[in-house]
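Have the sequence and the model side by side as you read.

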Amino acid sequence: MPTGGVSLKNLKEYLSAPVIAACGGSYMVTADLIDNQKWDEIIQLCKKSVEIVKAARGNG
């Protein structure tokens, strides 16, 4: 389960490997986003991540 260096740009690549069960995603909730209360941006990052996960797993 990779937790470091994961981003929207490489999430699909990580999840395409059959031995990867899940990935961490602190890129979705950075200190800047939280400190500046950018809740809509956090929501969009989470939604996009879910789309990528579904596509990588053949559920989307």
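Start with Gln37, which sits in the loop between α2 and α3. The helices here are DSSP runs of H or I with at least four residues, strands are runs of E with at least two, and both are numbered from the N terminus.

A word on ground rules before going on. This is a predicted model, so local features need pLDDT of at least 70 and side-chain atom pairs count only at pLDDT 80 or more, while totals for chains, interfaces and linings use all residues. Residues are numbered from 1 along each chain as its sequence is written, and side-chain values use heavy atoms, with hydrogens and water left out.

Now step back to the whole chain. Along the principal axes, the C-alpha atoms fill a box of roughly 35 × 25 × 15 Å. Of the 60 residues, 27% are buried. The chain exposes about 4,200 Å², with carbon and sulfur atoms supplying 55% of it; accessible areas come from the Shrake-Rupley method with a 1.4 Å probe, and for residues only the protein chains shown count as cover.

Ile34 is placed in helix α2 (residues 31–35) and is partly exposed, at 39% relative accessible area. Together with Val29, Trp39 and Ile43, Ile34 makes a nonpolar surface patch of about 360 Å². Patches take residues with over 30% relative accessible area and no salt bridge, joining like charges within 9 Å and nonpolar side chains (Val, Leu, Ile, Met, Phe, Trp, Tyr) within 5 Å.

Next, the charges. Side chains of opposite charge can pair when their charged atoms come close. A salt bridge here is a side-chain nitrogen of Lys or Arg within 4 Å of a carboxyl oxygen of Asp or Glu, and the count comes to two. In one, Lys38 meets Asp32 at 3.5 Å, N to O. Lys38 is partly exposed at 32% relative accessible area, and Asp32 is partly exposed at 41%. In the other, Glu51 pairs with Lys48, and their closest N and O atoms are 3.9 Å apart. Why do these two line up? Glu51 and Lys48 are three residues apart in helix α3 (residues 39–56), so about one helical turn separates them.

Finally, look at Ile20, in the loop between α1 (11–16) and α2. Is Ile20 buried or exposed? Ile20 is buried, with a relative accessible area of 16%. Leaving out residues up to four places away in sequence, Ile20 touches Pro2, Tyr14, Leu15 and Arg57, where contact means heavy atoms within 4.5 Å. Pro2 is 18 residues from Ile20 in sequence, yet their C-alpha atoms are 7.8 Å apart in space.

Key
Buried < 20%, exposed > 50% of the residue type's maximum accessible area, 1.4 Å probe, protein only.
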